[in-house]
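Subject: Handing over the structure

Hi there,

Here is the structure I promised to pass on to you. Have a look at it first, and then read on for what turned up.

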Amino acid sequence: MIHVYYGDGKGKTTAAAGLALRALGNGMPVVFLQFLKARQSGEITVFSGLSGITVLRNAIDYGFYKNMSEEKKKQVTQNHNQNLQQVFGLYKEGKCGMLVLDEVFAAYQYGVLDRDIVKQLLLMAEEKKFELILTGRNPDIVFIGKADYITQMKKERHPFDLGVSARKGIEY
């Protein structure tokens, strides 16, 4: 089935990571693909020590999209598309019972990925080829229309609004 975790609140990636761990604990192979992220995080550190999960993400931290040059946007797009292409091979090898596309909504909105590949993966999930987890803010209607599960994370209060930076072990 297709799961959507979206909104302006904290917890989208955390929920996806938790579901990935649950799947791994039950013998399901997982592909965890992150868009627009390269900074080391606690969940990625843990995943790198586990068998049964493949993590795909940017090789270089390009920073926030709004600060990227056109050249960096091209590099990010190329990296994202290479990662998306790898999913097909992993699926054929039996290594993708669950696919997490973390921050896919922003990458889709900004056009820094091949939308046709994402649509192919949506179709594969609809055909019950694997469980698909999608996260981010402001999902396009194409995702909402196909989702079986939709969870909105709504921020009511967050320390960032008071100037508190992201904290290791909590936000990353």
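Before we start, a word on one term: two residues are said to be in contact, or to touch, when they have heavy atoms within 4.5 Å. Please also keep in mind that this is a predicted model.

**The overall picture**

The protein chain has six helices and six strands. Read from the N terminus, the order of these elements is β-α-β-α-β-α-β-α-α-β-α-β. The radius of gyration is 15 Å, close to the 16 Å that the globule rule gives for 172 residues, so the chain is as compact as a globular protein of that length. Along the principal axes, the C-alpha atoms fill a box of roughly 45 × 35 × 35 Å.

How much of the chain is buried? Of the 172 residues, 44% count as buried. The protein chain exposes about 9,500 Å², and carbon and sulfur atoms supply 50% of that area. Contacts also reach across the sequence: among those with a separation of 6 or more, 72% are between residues 24 or more positions apart.

**The inside**

The largest nonpolar core holds 34 residues, and those touching the most other members are Leu-84, Leu-99, Leu-101, Leu-121, Leu-132 and Leu-134. Several elements give two or more residues to this core, including strands β1 (2-6), β2 (30-34), β4 (98-102) and β5 (131-136), as well as helices α3 (70-92) and α5 (115-126). Helix α5 supplies the largest share, with six residues. Apart from this core lies another one, of 16 residues, with Ala-16, Ala-17, Ala-23 and Met-153 among them.

Leaving out residues up to four places away in sequence, Leu-99 touches Val-31, Val-87, Leu-121, Phe-130, Glu-131, Leu-132 and Ile-133.

**Charged pairs**

Side chains of opposite charge can pair when their charged atoms come close. Which pairs are worth a look here? A search of the whole structure finds seven salt bridges, and I will take you through some of them.

Start with Lys-37 and Asp-102, whose side chains meet in a salt bridge at 2.9 Å, N to O. This pair links distant parts of the chain, 65 residues apart: Lys-37 sits in the loop between β2 and α2 (42-48), and Asp-102 belongs to strand β4.

Glu-103 lies in the loop between β4 and α4, and its relative accessibility of 18% falls under the 20% limit, so Glu-103 counts as buried. Setting aside neighbours within four places in sequence, Glu-103 is in contact with Thr-13, Phe-35, Lys-37, Thr-135 and Gly-136.

A second pair is Glu-70 with Lys-73, where the closest N and O atoms are 3.3 Å apart. Both residues lie in helix α3, three residues apart, which is about one turn of the helix. Glu-70 counts as exposed at 56% relative accessibility, while Lys-73 is buried at 17%.

One more pair to look up is Lys-155 and Asp-161, whose side chains meet at 2.8 Å, N to O. Lys-155 counts as partly exposed, with a relative accessibility of 30%.

**The surface**

Where does the surface carry a nonpolar patch? Leu-21, Val-46 and Leu-50 form one, with about 230 Å² of accessible area together. Leu-21 is found in helix α1 (residues 12-25), and its relative accessible area is 40%, so Leu-21 is partly exposed.

Another leucine to find is Leu-123, in helix α5. Leu-123 counts as partly exposed at 44% relative accessibility. The C-alpha atoms of Leu-123 and Lys-146 are separated by 9.1 Å, and these two residues are 23 apart along the chain.

Enjoy exploring, and write back with any questions.

Best wishes

Definitions and conventions. Residues are numbered from 1 along each chain as its sequence is written. This is a predicted model: local features need pLDDT of at least 70, side-chain atom pairs count only at pLDDT 80 or more; totals for chains, interfaces and linings use all residues. Side-chain values use heavy atoms; hydrogens and water are left out. Patches are made of residues with over 30% relative accessible area and no salt bridge: like charges are joined within 9 Å, nonpolar side chains (Val, Leu, Ile, Met, Phe, Trp, Tyr) within 5 Å. Accessible areas come from the Shrake-Rupley method with a 1.4 Å probe; for residues, only the protein chains shown count as cover. A salt bridge is a side-chain nitrogen of Lys or Arg within 4 Å of a carboxyl oxygen of Asp or Glu. Helices (H or I, at least four residues) and strands (E, at least two) are DSSP runs, numbered from the N terminus. Buried means under 20% relative accessible area, exposed over 50%, partly exposed in between (1.4 Å probe, protein chains only). The radius of gyration is taken over C-alpha atoms; the globule rule is 2.2 Å times the number of residues to the power 0.38. A nonpolar core is a set of buried Ala, Val, Leu, Ile, Met, Phe, Trp, Tyr and Cys residues joined through side-chain atoms within 4.5 Å.
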